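Hi,

Here is the structure I promised to pass on to you. Have a look at it first, and then read my notes below.

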Amino acid sequence: MAERGGDRFKRKPMRKRPPHERIRDFHEVALGFTEEDALAEAARCLQCPNPTCIPGCPVEIDIKSFIGFIREGDYESAIRKIKEKNNLPGICGRVCPQEVQCEEVCVLNRKGAPIAIGALERFAADYERSKGVPEARRGEPTEMRVAVVGSGPAGLTAAGDLARLGHEVTIFEALHSPGGVLTYGIPEFRLPKSIVRDEIEYVKSLGVKIMTNVIVGRTITLDEVFAMGFHAVFIGTGAGSPKFLYIPGENLNGVYSANEFLTRCNLMKAYLFGEYDTPIYIGRQVAVIGAGNVAMDAARTALRLGAEEVTVVYRRSEAEMPARLEEIHNAREEGIKFQTLTVPVRFLGEDGWVKGMECIRMRLGEPDDTGRRKPIPVEGSNFQFEVDMVIVAIGQNPNPTLTRTVKGLNTSEEGLIITDENGRTSIPGVWAGGDIVTGEATVISAMGAAKRAARDIHNYLMEKKGAALGWIPPTP
Amino acid sequence: MFKILSKERLAENVVSMLVEAPLIAGKAKPGQFVILRVDEKGERIPLTVVSVDESGKAIRLIFQEVGKTTTKLGRLRPGEYISDLVGPLGRPTEVKSYGHVVVIGGGVGVAEAYPVAKALKSAGNRVTAIIGARSKDLLILEDEMREVCDSLHVCTDDGSKGRKGFVTDVLKELLEGNTPINLVYAIGPAVMMKVVADLTRPYGVHTMVSLNPIMVDGTGMCGACRVTVGGETRFVCVDGPEFDAHMVDFQELMTRQRMYLDKEKMALEKYLREGAADG
């Protein structure tokens, strides 16, 4: 307890497994806070009278209060406080970019280091998990039914919130396993699937039903969903269609989209090929194109599968990389190489397999409309390097499966669903939120959007039903 | 979980299964497919929906036991369950009145050609079908095809049934004959579809093929099934599975189909070795 009350400006770092050990398996890299760490870190919190951290949280967790409880050693109250707003704390404590949200606006950020809010959230969630998660409290049944399309972060959040308010919620999931990107996209070493499973179980314990293997738009239409007696629909189908570079040689064997590579590994457990049936190619010299979080996940996964050398190839400089600093740092620690200001112009093949890559060097020009400096090709700077596997991780388009099959649903040119600030779409009774509305973003921003939509859906349902009966709806 | 209602062996390695799947059965149209996962540790594979049974609640799947997954599937018995089944996927066949249509099915591809031939016949086309297999014992759905076609040509590589030769030999004669052909529709091994495409190209006969690349999710999420059509990358699962045969890069398709050949062989051998122990 020596650190308790220690230096206010010194942040407690999270323990991590050493790189040489962690690159040999898929077990979690970050180990979380011990009780001692958590108490020391929570003790640093100023418990501001007007906390700035809370508005920084897209799902409005009462951060001050939950940290207050941790300070007192009352972890049960801490997790209960978090769960008032967030049904997925173990997930968010691991994958939220806190450094640009709650922690960025923490008062201590200006004076040194912000409180490790994410690590504390994770601590509270893991504490509860180790003790056994108590039965969730369900809301008074309203007899109103809501269908949720997609069981990713947005879908699970909308479903959880609505179930808590007493609505009967069914999630329709296209894949065989729920969780969306949490299941198929984010690797085990960053987000253990047992956590995802447990938090989905928690959402189910609120009364949410999940039907897997159902594609709304294919297996059942949106009209049929309403015909089944649902009073409202929330669409959270995500940004699930991989972008490619569309350069020569991209369809050679050994060239993957990050989505395919990660889906094979995470959802299908191809890293356990032999026990599981889904194969994956294991490259020796791997290039990952792009430098977002997905690219870091892909690079680190390739390394764990047994690649000798993994290089992240990015067209801008390190300063512009969209990945979280922490993930870039983790990747670098593990020996991932970075080739910045470089873009591939074609893939070179031999017998149908990728064998190399021709790239061109870039320089940075004026800032573009994203505010980042625009990469400009340097004429005549082409060069080649050897690779036997490429993972293209340059982003995703919205998933078109549902939007293509629904009439009257307003979408943008790129295929994003157009909504108002509460997630209402052009079809009455239909809401949408998450990546299918905003384009590729974070888990937590999808959850925030789902939360706003759930609130609006609740009001809509209560207006539809409750007012006539003179019944006063519980406030969310 | 999806219950297997009945099972029938159509040829040595070809199995037909009726699987209970009311939602899919209510929606499936000719040309569409499902993705299935046999069990918890299984991979996801696409299979064409051959037909919907009279009750409207079950779909027929026909597959050849070639790898671990299909072998495992073939060993399931009526009353047992397939873990996951999702669909219908892909765009349905464009069924309209073309005039004279030649439908070609090679090997287990006959199972996929059947619903298309049937639908095209119902739409008022004159349907000539050519079906083929390596030998008599591997030929499937001959009677069913005969029922939905105006004329049927059967051929086997070894001459054990029908005429000796390839489906493309028959097609060549038809193309050279006096009856104009408005559409050729071919499903079978990629190499067969390639030969069909090469054959009809000089005659300028519109030719459609249904492609069968490796897939994972089947909903446009992974891009494993991408194929070059007319110089552009398309996803077979959402943009297909049917494409203009004259635009398809078959060489690329065939290379991509072989991507995991060594691993698939390894998995099958291991399965057969271990499976032998428990019967």
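Let me start with Asp150(B), which is partly exposed, with a relative accessible area of 41%. Please keep in mind that this is a predicted model. Asp150(B) forms a salt bridge with Lys121(B), and their closest N and O atoms are 2.8 Å apart. The pair links distant parts of the chain: Asp150(B) sits in the loop between α4 and β11 of chain B, while Lys121(B) belongs to helix α3, 29 residues away. Lys121(B) is also partly exposed, at 32%.

Glu128(A) and Lys83(A) meet through their side chains at 2.8 Å, N to O. Glu128(A) lies in helix α6 and Lys83(A) in helix α4, so the pair ties together parts that are 45 residues apart in sequence. Glu128(A) is buried at 11% relative accessible area, and Lys83(A) counts as buried at 8%. Over all chains, the structure holds 57 salt bridges.

Finally, Arg256(B) in helix α8 of chain B is buried, at 10%. Its contacts beyond its sequence neighbours include Arg226(B) in chain B and Asn251(A) in chain A.

Enjoy exploring!

Methods
Residues numbered from 1 in each chain as written. Chains lettered and ligands numbered in written order. Predicted model: local features only at pLDDT ≥ 70, side-chain atom pairs only at ≥ 80, totals over all residues. Heavy atoms only, no water. Helix = DSSP H or I, 4+ residues; strand = E, 2+ residues; numbered from the N terminus. Buried < 20%, exposed > 50% of the residue type's maximum accessible area, 1.4 Å probe, protein only. Contact = heavy atoms within 4.5 Å. Salt bridge = Lys/Arg side-chain N within 4 Å of Asp/Glu carboxyl O. Lists of a residue's contacts leave out its neighbours within four places in sequence.
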